[in-house]
Amino acid sequence: MAKQEGELAAQIVGGVAALAAGFAARKVLTFAWTQVTGKEPPNDPESLEIGLGEALGWAVVTGVGMEVARVLAVRAAYKRLGPQRHRELDGR
């Protein structure tokens, strides 16, 4: 039962970490986009008023940036709380 509780705790913390990392990544990406391009990122990339290059650029930047942040946050949470960590603490 403790093993399952440890895995559940890691999944919950990993999910919360992923949300926090996504929020922080979005803020950082928006700031970086504004610094590099000199204008705010598109709010509605699907709009025909936004150039295709700008819309695709923002989609790629946010997609890659958000996923990298999520993966790193979840891996860090699992490293700290995952099942392997519990086995180390139990001496197994």
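Contacts are defined here as pairs of residues with heavy atoms within 4.5 Å. In this predicted model, local features need pLDDT of at least 70 and side-chain atom pairs count only at pLDDT 80 or more, whereas totals for chains, interfaces and linings use all residues. Residues are numbered from 1 along each chain as its sequence is written, and side-chain values use heavy atoms, with hydrogens and water left out.

Of the contacts in the protein between residues at least 6 apart in sequence, 65% join residues at least 24 apart. The protein has three helices and zero strands, arranged along the sequence as α-α-α, where helices are DSSP runs of H or I with at least four residues and strands are runs of E with at least two, numbered from the N terminus. Buried residues, those under 20% relative accessible area with a 1.4 Å probe and protein chains only, account for 21% of the 92 residues.

The buried residues of α2 are A55, W58, T62, A69, A73 and A77. An unreviewed UniProt entry annotates residues 55–78 as "transmembrane region", although such annotations may be inferred rather than shown by experiment; in the model this span is 100% helix and 0% strand, with end C-alpha atoms 34 Å apart.

L72, which is placed in helix α2, has a relative accessible area of 55% and is therefore exposed, the cut-off for that class being over 50%.
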